[in-house]
Amino acid sequence: MRTVRAVLSTGLRWLRAVSGDDAYERYLAHHARTHPGAPLSRRAFYAQRETAKWGGISRCC
Amino acid sequence: MKKITGILLAVVGAIAVAGIALHRHEPINALWIVTAAVCIYALGYRFYAAWVAARVLVIDPSRATPAERHDNGRDFVPTHRWVAFGHHFAAIAGPGPLVGPTLAAQFGYLPGTLWILVGAVLGGCVQDMTILFLSMRRDGRSLGQMARDELGPLGGFAALIGTLLIMILLIAVLGLVVVNAMKHSPWSTATVFATVPVAILVGVHLRRLRPGRILEGSVIGLALVLLAVWGGGWVDTHPLLRRLFDWPSLPLAGFVVGYGWIAAILPVWLLLAPRDYLSTFLKAGTVALLAVSIVLLHPQIKMPALTAFVDGHGPLFGGKIFPFVFITIACGAVSGFHALVASGTTPKLIASEADVRLIGYGSMMLESFVAIMAMIAATLLDPGVFFAINSGAGIVGSAPAAAVHTISSWGFPVTVAQMQSLAHEMGEATLFARTGGAPSLAVGMASIFGSTFGRGFLGIWYHFAIMFEAVFILSTLDAGTRVGRFMLQDLLGHLYAPLGRTSWYPSVLLSSTLIVAGWGYFLYVGVIDPNGGVNILWPLFGIANQMLAAIALSVATGILVKSGRARHAAVTLLPLIWLAIVTTAAAWQKIVSADPRIGLLAAARGLSEHLAAGTLPAAAAAVAPQLIFNQRLDAWLTGLFTAILWLVIIDMGRVCVRRLRGLPVTATSEAPYEAARLQPLTVGGPQ
């Protein structure tokens, strides 16, 4: 039971990392480590991330 | 241990390749191809990629990557190598490797399969890895910038124009693929249309309701698009709704153009970004499902290894096996487009230089494997069925009886009853002349999934496959229009500065309209072409894509020579020479061949003679002037591609010769060395 749960939670962690679902948490951790002051809100962070992602070539044939 | 695995791989690979070689006049099992592919990839990755990384690129894991040096928690983020691999694969994966192999299957399964494997291992993967590495050493600079910095302004300009043109052709041909899949198919049309509101719903969810809950939004979206596949089937049985979604190709093309224009001027979060999440999940899921099904089912390949069409008179597109199999496969083996993605977003994610091999070489290997699976899905169909679906009415005749007669006379027996019962099983009125590759791939995928998971749902599987391809294509269409817009704005900004501001609305409207008009034109001509249009557009796109790959390889070769590694420059120079030969040969034939099925000018000449003599039926005569103009335009475009390519190659040669003679060349733009201090990353663990 415990191993099943461990496998599932590892799987979920990977899925969150690959899909970008955990990007905000990683940003918060980075911000807390390196910058003083308030971080971006969750909404503002994802808005900025999306604009940056689609500002260049990010999809192929 | 590593040696033993290597030897084992080599032996199994050799047996599989020998198996393919010996099964020349009997059906072969798809597992032979899968085994050969996996072994060739493993050997390429284990030995060739490792050697290139260590000796040619001289990867230095002690050197800090831009992600570490500029870490800002946003675009520069040191990322676990498998996560970065996922991001990079999602970015390079598109509909190209699904369409190309399907079209190339007209030569038989062997030529396309061999080029997918050899081209990827020695060409495409090397190109992707090298460009990724060079861009990473230059803080994630784009291919165009690297061309400008390292070769000169000419190279940069050529890369820009090349990208813009290839984008327009790509979108047009993909739009044509969707239109051909939807024409007179209420089920497909309803399902594809329904994916648009689903994407908008997910977009609103991710932006307004629950910002950034990507997994949650994607799961909701996936459930809804699956519902749309089923709902389309319901629409198809409803007498009134059915008529509402039953359209010929011309109005559908109008819808696609209008949709493309609206999508391009809407904010990304509303439509593009959410649909991209959906298409990424769909692709990952479908590719995994397809791989598992092919292994479980291990179907027989029914297409011969080589068909008579290697001599150039094939019904899908005209042209001999050399150079057209290379031009047609395009993305599954070498894709110049990948060089644009590999220089930009991905280099900013790499945590250690040691990860470049997995992310650059490995992602392209997986992409190439997708092409192999598309080839299997196309060639497991009865060849007669394959040709009946993929041959345009202008080639085999528009009446079913005439079409099956022509196709059977080629030695690929097929009957009207067989096609009717297949169409009925797939929930379609007809499958004749559904050119473009998507429907035949969907029939192949439906047969695989149907045999693995139950034949009762063939219609659902078929339309799932159509939806999957359409979602992909619409993403590319939208993202491509946007990229084209940025480039055009960049160019227009030189004429009138405010036009260069990407957020100035009049400029956004103007440039989006110009780009959509560009691909809309080619889409329109493709739709009115009685031969299906794909036969002209896909080779043109292939030439443009391979030209872009040759430009990328020129930049790579130039940089290798400049940085004193001329001894190893063959790694990129040999694929470059091959691509230059292939593209130039194909372009030459497209322009000067006297065969109207190949030569664009010959076709234009032939058509105008018929028009002048009054021998054309009224419908054909009405569209003939536009087709004639388009064929001449395409010939000019092909010439332009070739000229751009050779200009870049000559420019690269000039830089290399100067360097080898000890004359001064522009300084390298590589970022200076800084020692890496980053600890190994874990996923989701403490930062």
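# A guided tour of chains A and B

Begin by selecting chain A, which averages a pLDDT of 86, with 92% of the residues scoring at least 70; pLDDT is the predictor's confidence in each residue, from 0 to 100. This is a predicted model, in which local features need pLDDT of at least 70, side-chain atom pairs count only at pLDDT 80 or more, and totals for chains, interfaces and linings use all residues. Residues are numbered from 1 along each chain as its sequence is written, while chains are lettered from A and ligands numbered from 1 in the order in which they are written.

Next, colour chain A by confidence. Among its elements, H1(A) has the highest mean pLDDT (90) and H3(A) the lowest (87). Helices are DSSP runs (H or I, at least four residues), numbered from the N terminus.

**Where the chains meet**

Now display both chains. Their contact takes 31 residues from chain A and 40 residues from chain B; two residues are in contact if their C-beta atoms, placed from the backbone, lie within 7 Å. On the side of chain A that touches chain B, helices H1 (2-19), H2 (23-34) and H3 (42-53) of chain A each supply at least two residues. Which helix gives the most to this side of chain A? It is H3(A), with eight residues. By class, this side of chain A has 13 nonpolar, eight polar and 10 charged residues. Here Ala, Val, Leu, Ile, Met, Phe, Trp, Tyr, Cys and Pro count as nonpolar, Asp, Glu, Lys and Arg as charged, and the others, Gly among them, as polar.

**Two helix pairs in chain B**

Select residues 109-136 (H6) and 534-562 (H24) of chain B. The axes of these helices come within 10 Å and cross at roughly 55 degrees; axes are lines fitted to C-alpha atoms, for helices over the stretch in contact, and angles run from 0 to 180 degrees between N-to-C directions. H6(B) and H24(B) are therefore oblique to each other. In H6(B), B:Gln127, B:Thr130, B:Ile131 and B:Leu134 meet residues of H24(B), including B:Ala549 and B:Ile559. This contact of H6(B) with H24(B) has seven nonpolar, two polar and no charged residues.

Finally, select residues 153-182 (H8) and 505-528 (H23) of chain B, whose axes come within 8 Å and cross at roughly 45 degrees. That angle makes H8(B) oblique to H23(B); the oblique class is what remains after under 35 degrees (roughly parallel), over 145 (roughly antiparallel) and 65 to 115 (roughly perpendicular). Among the residues that meet are B:Gly175 in H8(B) and B:Trp519 in H23(B). The contact of H8(B) with H23(B) divides into 11 nonpolar, three polar and no charged residues.
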